[in-house]
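Here is a short report on ring pairs and a surface patch. Please look over the model first.

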Amino acid sequence: LLSSLTSPEIRFAILLSLVTSVASTIICIAIAVPVAYALARYTFPGKRIASLVLTLPLTLPPLVAGIALLLFFGTTPWGKALDSAGFAVIFTPLGIIVAEVFVNLPYMVRIMRSTFASINPRFEHVAKTLGCTETGAFFRVSLPMARHGLIAGTVITWSKAMGEFGAVLMLAGATTMRTETLPIALYLNISTGDVDLAIAAATILILISLIALCTVEYLDKNVNVF
């Protein structure tokens, strides 16, 4: 197991998984925080439809989500324009990030929406009466009060990104030492009969899941995240 964990293939898979999962988590946070705040605080036309659209990836099997992304980036003018501009998504590491964002964004939105909904709007109103703008009240009052939910959502989103397989397989492919994340490494090696490398990848994914679970449980118990 130790020799397998230090093999070039597993080290590459670990590095690629870390880079893509961190990048996709940052993108999810940047999108989910303002979207979740708007859904929790404001009423606007199309709010219900927007909520359903954001929830849709939760109900799709990962393979179906991957095929949808593959068709979008491979056949639509938007996808072809991105490819022409040098942002190739299909069968590239960028495709891994796109797939992870598409699948995991709804989780982050739902967690942050529940967190913002649990914060009394009166705190923001008081901040405004003391001279804060609406943006200032958000950054100085609402966001700090939502920090525990943000931490929990970040941990869950990151751990799910590290283990994402179906959508990544469809959009980015399974190319050794190119788009080989840890789940892809597990799939490739178990397919070729290299059980040692497959077990090494599985061991790392299990440890990540345990760390994420323990972190969320600790936050839930000690700081009342949910």
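## Surface patch

Val195 lies in helix H12, which spans residues 195-222. The model is predicted. Val195 has a relative accessibility of 40%. That value falls between the 20% and 50% cut-offs, so Val195 counts as partly exposed.

Val195 also belongs to a nonpolar surface patch.

## Aromatic pairs

A pair of aromatic rings is described by the distance of the centres and the angle of the planes. Rings pair if their centres lie within 6.5 Å. By this rule the model has 7 aromatic pairs.

One of them joins Phe116 and Phe138. Their centres are 6.0 Å apart, with 45 degrees between the planes. This pair is tilted. Phe116 sits in helix H6 (residues 93-117) and Phe138 in helix H8 (residues 134-145), so the pair ties together parts that are 22 residues apart in sequence.

Phe138 also pairs with Phe139. Here the centres are 5.1 Å apart and the planes stand at 80 degrees. Planes over 60 degrees apart count as edge-to-face, so this pair is edge-to-face.

## Burial and the cluster

Are Phe116 and Phe138 buried or exposed? Both are buried. For Phe138 the relative accessible area is 11%. Buried means under 20%, so Phe138 is buried.

Methods: Residues are numbered from 1 along each chain as its sequence is written. This is a predicted model: local features need pLDDT of at least 70, side-chain atom pairs count only at pLDDT 80 or more; totals for chains, interfaces and linings use all residues. Side-chain values use heavy atoms; hydrogens and water are left out. Rings of Phe, Tyr and Trp (its six-membered ring) pair if their centres lie within 6.5 Å; planes under 30 degrees apart count as stacked, over 60 as edge-to-face and the rest as tilted. Helices (H or I, at least four residues) and strands (E, at least two) are DSSP runs, numbered from the N terminus. Buried means under 20% relative accessible area, exposed over 50%, partly exposed in between (1.4 Å probe, protein chains only). Patches are made of residues with over 30% relative accessible area and no salt bridge: like charges are joined within 9 Å, nonpolar side chains (Val, Leu, Ile, Met, Phe, Trp, Tyr) within 5 Å. Accessible areas come from the Shrake-Rupley method with a 1.4 Å probe; for residues, only the protein chains shown count as cover. A salt bridge is a side-chain nitrogen of Lys or Arg within 4 Å of a carboxyl oxygen of Asp or Glu.
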